[in-house]
Amino acid sequence: MGAFIGLPPSLIETYGSDIKKVYKANGVPVYLGLVTMFLSAFVHLMITCIVIVLLAPILFEATLPIQLPFFFLALAIYIIVSLSIGSVLGLTVKNQAKLTMIAQLVFLPSIMLSGIMFPIEFLPDFLETIGLIFPLY
């Protein structure tokens with residue numbers, strides 16, 4: 001959610017305002033805003049996920065993943081892909097209201113059709129096939 005709904009508005013704010021002009025005037029590469037926001041969002045999302053993974057056994061009696069390093073590698077890949085999609089949305093859509101709608105149109109089907117809310121086998125075959133294209137799957 002942070003990648004689809006949190007990052008793109010920050011990109012619109014930076015690249016759709018005078019901040020972009022300030023970057024250029026001071027000789028800062030224009031892409032640096034994207035890179036710093038991407039890295040910041042990645043670190044924050046990883047910290048949030050680590051806290052959730054560590055607290056879930058205590059609060060919800062959940063079990064830790066069996067292969068913790070593989071889990072965090074897969075999580076890092078998923079966050080990078082999600083942030084990439086969010087970056088594309090933030091850089092291509094120029095209107096904040098449209099961006100919010102488009103981000104939700106990407107995020108909600110990702111959650112509903114990927115198997116995270118309920119087993120993907122419960123979906124009809126055509127929705128199960130559509131769910132395979134989302135990075136969350």
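Leu89 lies in helix α4, where helices (H or I, at least four residues) and strands (E, at least two) are DSSP runs numbered from the N terminus. Leu89 is buried, with a relative accessible area of 11%; buried means under 20% relative accessible area, exposed over 50%, and partly exposed in between, with a 1.4 Å probe and protein chains only. Leaving aside neighbours within four places in sequence, Leu89 is in contact with Pro8, Leu99, Ile102, Ala103 and Val106, contact meaning heavy atoms within 4.5 Å. From Leu89 to Ile102 the separation is 13 residues in sequence and 8.0 Å in space, C-alpha to C-alpha.

Before I continue, a word on the basis of these values. This is a predicted model, in which local features need pLDDT of at least 70 and side-chain atom pairs count only at pLDDT 80 or more, while totals for chains, interfaces and linings use all residues. Residues are numbered from 1 along each chain as its sequence is written, and side-chain values use heavy atoms, with hydrogens and water left out.

As to confidence, pLDDT is the predictor's confidence in each residue, from 0 to 100. The chain has a mean pLDDT of 85, with 98% of its residues at 70 or more.

Now the overall arrangement. The chain holds six helices and zero strands. Its C-alpha atoms fill a box of roughly 50 × 35 × 25 Å along the principal axes. Of the 137 residues, 26% count as buried. Among contacts with a separation of 6 or more, 58% join residues 24 or more positions apart.

I turn to helix α3, residues 32-60. Its 29 residues reach 40 Å from the first C-alpha to the last, close to the 42 Å expected at 1.5 Å a residue; the expected span is 1.5 Å times one less than the number of residues. At Leu54 the helix bends by about 35°, and Pro57 follows within four residues. The bend is the angle between axes fitted to the seven residues ending at a position and the seven starting there. Gly33, Met37, Ala41, Met46, Val53 and Ala56 are buried in α3, and the cover over the buried residues of this helix includes α1 (2-15), α2 (19-25) and α4 (68-92). After α3 comes Glu61, with a positive phi near 55°.

Which residues make up the largest nonpolar core? They are Ala3, Leu7, Leu11, Tyr15, Met37, Ala41, Met46, Leu75, Ala76, Ile79 and Leu83, 11 in all. Such a core is a set of buried Ala, Val, Leu, Ile, Met, Phe, Trp, Tyr and Cys residues joined through side-chain atoms within 4.5 Å. Helices α1, α3 and α4 are the elements that give two or more residues to this core. A second, separate core of five residues includes Ile12, Val93, Leu99 and Ala103.

Ser87, also in helix α4, is buried at a relative accessible area of 6%. Beyond four places in sequence, Ser87 touches Leu7, Leu11, Leu34 and Phe38.

Finally, the structure holds one aromatic pair. The rings of Phe71 and Phe72 have centres 5.3 Å apart and planes at 75°, so the pair is edge-to-face. Rings of Phe, Tyr and Trp (its six-membered ring) pair if their centres lie within 6.5 Å, and planes under 30 degrees apart count as stacked, over 60 as edge-to-face and the rest as tilted. Phe71 is partly exposed at 29%, and Phe72 is partly exposed at 21%.
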